[in-house]
There are 2 protein chains.
Amino acid sequence: MIGPAGQHTVRQHNSALVLRAIADGPGVSRAGLAAATGLTKATVSSVVDALIAAGLVAEGEPERRNGPGRRGTVVSLSPTGPHGLGVEVGVDYLAYCLVDLTGAVRAEEVRFADNRTPRVFRRTKDFLASARKRAEALGVPVGGVSIAVPGLVESSTGVVRLAPNLGWHDVDLAAKLGGTFSVGNEANFAALAELWHGSGLPDFVHVSGEIGIGAGLVLGRSLFEGVRGLGGEIGHLPVNPRGPRCSCGAQGCLERMAGQEEILRLAGTSSVDELISRLEDGDATAVSAVTEAARWLGIGLSTVVNLVDVPAVVLGGTYARLEPWLREPLLAELEQRVASTAWSPVRLVRSPLGTGAAVRGAAASVIRRILAGAHPGN
Amino acid sequence: MIGPAGQHTVRQHNSALVLRAIADGPGVSRAGLAAATGLTKATVSSVVDALIAAGLVAEGEPERRNGPGRRGTVVSLSPTGPHGLGVEVGVDYLAYCLVDLTGAVRAEEVRFADNRTPRVFRRTKDFLASARKRAEALGVPVGGVSIAVPGLVESSTGVVRLAPNLGWHDVDLAAKLGGTFSVGNEANFAALAELWHGSGLPDFVHVSGEIGIGAGLVLGRSLFEGVRGLGGEIGHLPVNPRGPRCSCGAQGCLERMAGQEEILRLAGTSSVDELISRLEDGDATAVSAVTEAARWLGIGLSTVVNLVDVPAVVLGGTYARLEPWLREPLLAELEQRVASTAWSPVRLVRSPLGTGAAVRGAAASVIRRILAGAHPGN
């Protein structure tokens with residue numbers, strides 16, 4: 001807080017308060033909002049009128065209520081209000097997800113493509129245009145676009161400093177695509193999706209493994225991304241510093257020891273589906289491959305827990321599918337290496353979200369920004 | 001923010017604002033405070049009167065100023081206001097530090113003793129009494145006591161869950177000592193001392209090595225200690241998971257690979273003073289011992305930087321003394337293992353504070369609590 005508290009802050013605060021109450025209990029009357037927020041009815045009415053004018057809130061049917069007294073008109077988040085568009089540039093696919101103000105998915109698509117070529121920018125632009133066309137067909141406005149990428153994104157500039165698996169280095173994606181976009185790390189967006197639409201835990205590290213290994217940290221219901229937005233980088237955590245050479249040049253990185261590629265290599269297959277069917281059949285080679293990866297993952301995650309003091313690990317992406325076979329060896333490693341497990345065991349949770357967590361989180365983050373009072377942009 | 005903004009919040013906010021302005025520029029007039037804070041002169045006067053009544057602020061000499069107009073009386077933090085008492089229970093010493101409202105040290109003492117016995121509680125109680133006697137002799141009130149311990153302290157309860165080098169397990173130190181104390185991890189207090197009285201960096205990890213290795217994280221000028229206050233635990237970071245057995249039972253922990261004991265063992269000496277004199281003489285065995293430790297420390301710190309995205313490392317305690325010999329191999333390891341060093345090298349800083357950083361931080365934290373508007377307790 002760097003200045004005195006004044007009118008502007010109070011109005012913004014009250015507006016966010018009312019909007020949150022409407023989001024938490026759709027179909028609420030102005031009197032109900034006054035009771036829920038502690039604001040006067042006059043203040044609530046003035047705030048609600050402004051929210052209706054901004055297209056964020058819509059009046060619905062009169063509140064059903066018995067007994068005497070005038071029945072209040074109820075309000076909800078507007079179904080035709082601004083929608084959030086999330087786009088994900090994966091290593092071998094593009095995905096989009098369109099959500100309304102309540103966070104409900106209205107449209108989504110995944111298109112497989114090898115994005116390790118300079119054609120990725122043209123392709124993403126076309127894909128974005130098709131997503132916008134879809135929103136137009138649905139008759140809903142796009143209130144903002146967030147793009148998820150598998151790389152280090154500097155939060156102050158939105159520049160993708162490094163995305164090794166895409167071969168990117170200092171890419172200003174918004175400039176390349178020509179538009180106003182918010183760009184973020186896919187693992188962070190996946191963690192936010194987990195927070196908003198998944199397990200509902202307030203504090204956790206979400207770890208998911210596909211081509212790379214990504215982690216997103218949620219502490220006190222907020223994303224923790226470090227000083228410049230580059231936090232949660234665990235793919236190249238040196239779990240076995242004198243071990244085999246990683247593609248990054250270092251030795252024994254977590255990605256090298258417990259990534260999907262290594263698991264498949266050890267199991268002697270090239271497909272996750274086949275791996276899982278072999279695991280279900282109790283194939284010893286497959287089980288030992290996943291057990292070995294789980295141990296290294298446990299070493300890496302014990303470091304995260306010891307350093308950041310986070311009481312739960314959520315497995316997402318491919319790790320969620322492998323959870324039945326990862327669980328035991330991973331927990332054993334955490335138990336041995338995390339001091340606090342003696343009185344407070346680390347919870348291990350399988351994410352209920354599928355592989356679309358990152359793009360869903362990107363879309364939902366647009367809505368959160370709008371509801372928090374940011375100006376809906378394009 | 002969970003309720004509407006009201007009068008109480010505004011008054012607290014304004015009081016903290018004025019107090020901060022007085023702390024930042026001692027000898028300021030009420031008019032100067034109004035200009036610095038943006039508050040009206042009437043508000044400033046009422047806030048200052050309350051602060052004087054609470055003994056936090058004292059009126060001083062009239063402001064020296066040329067030109068016409070009435071000269072205002074200036075105010076400063078009161079030199080006879082509540083003092084902060086910090087106590088440190090080290091593995092082989094007790095220390096206290098008494099600071100005034102400006103953070104200046106008024107008294108300090110270190111007493112060597114082996115604290116790995118149950119006698120530590122009685123001894124600490126006596127030591128505390130002697131510190132209080134000293135404050136009494138100086139004629140200053142003790143506004144609160146913070147105790148630093150080398151262990152995991154749960155922030156919600158103040159219980160020392162684990163202090164392996166003291167042999168403690170679930171120790172409620174405040175109850176054992178019979179008083180109202182705030183108990184915290186010594187590495188966290190050392191990091192706060194570094195923030196308030198050291199290098200002045202806003203974001204850093206402070207790492208210090210004596211019998212154990214402790215780290216304190218400061219992000220955005222605030223201590224980051226994770227969900228339950230247990231964060232920053234790096235002593236048992238598994239830097240070499242298939243390496244030699246650590247006292248904790250695991251293999252190749254950072255403390256086992258780069259702790260003071262291991263450095264001395266590799267160098268073939270039992271004293272840090274002798275180690276340093278050998279290093280200054282260019283003794284090859286001593287240099288190689290520190291170089292080896294620096295590499296493991298670099299591996300551990302690269303993990304911290306990658307995970308928490310912190311742009312600077314501050315070396316404290318014994319590491320500060322060894323900094324000239326640690327620097328090069330440690331930076332080389334960070335450069336190889338931290339992705340962001342390509343565009344933004346990690347700063348390596350030697351702490352200007354001595355081994356008394358933790359106890360100084362504990363004392364200063366009492367003052368910060370008082371200035372932030374907490375009720376001065378005992």
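User: What makes Glu109(A) and Arg111(A) a salt bridge?

Analyst: The model is predicted, so local features need pLDDT of at least 70 and side-chain atom pairs count only at pLDDT 80 or more, while totals for chains, interfaces and linings use all residues. Side-chain values use heavy atoms, without hydrogens and water; residues are numbered from 1 along each chain as its sequence is written, and chains are lettered from A in the order in which they are written. A salt bridge requires a side-chain nitrogen of Lys or Arg within 4 Å of a carboxyl oxygen of Asp or Glu. The closest N and O atoms of Glu109(A) and Arg111(A) are 3.3 Å apart, therefore the pair qualifies.

User: Why is Glu323(A) called buried?

Analyst: Buried means under 20% relative accessible area, exposed over 50%, and partly exposed in between (1.4 Å probe, protein chains only). Glu323(A) has 9%, and is therefore buried. Its salt-bridge partner Arg327(A), with closest N and O atoms 2.8 Å away, is partly exposed at 30%.

User: What makes Glu323(B) and Arg350(B) a link between separate parts of chain B?

Analyst: Their closest N and O atoms are 3.7 Å apart, and they form a salt bridge. Glu323(B) lies in helix H11 (residues 317–337) and Arg350(B) in strand E16 (residues 347–350), so the pair ties together parts 27 residues apart in sequence. Helices (H or I, at least four residues) and strands (E, at least two) are DSSP runs, numbered from the N terminus.
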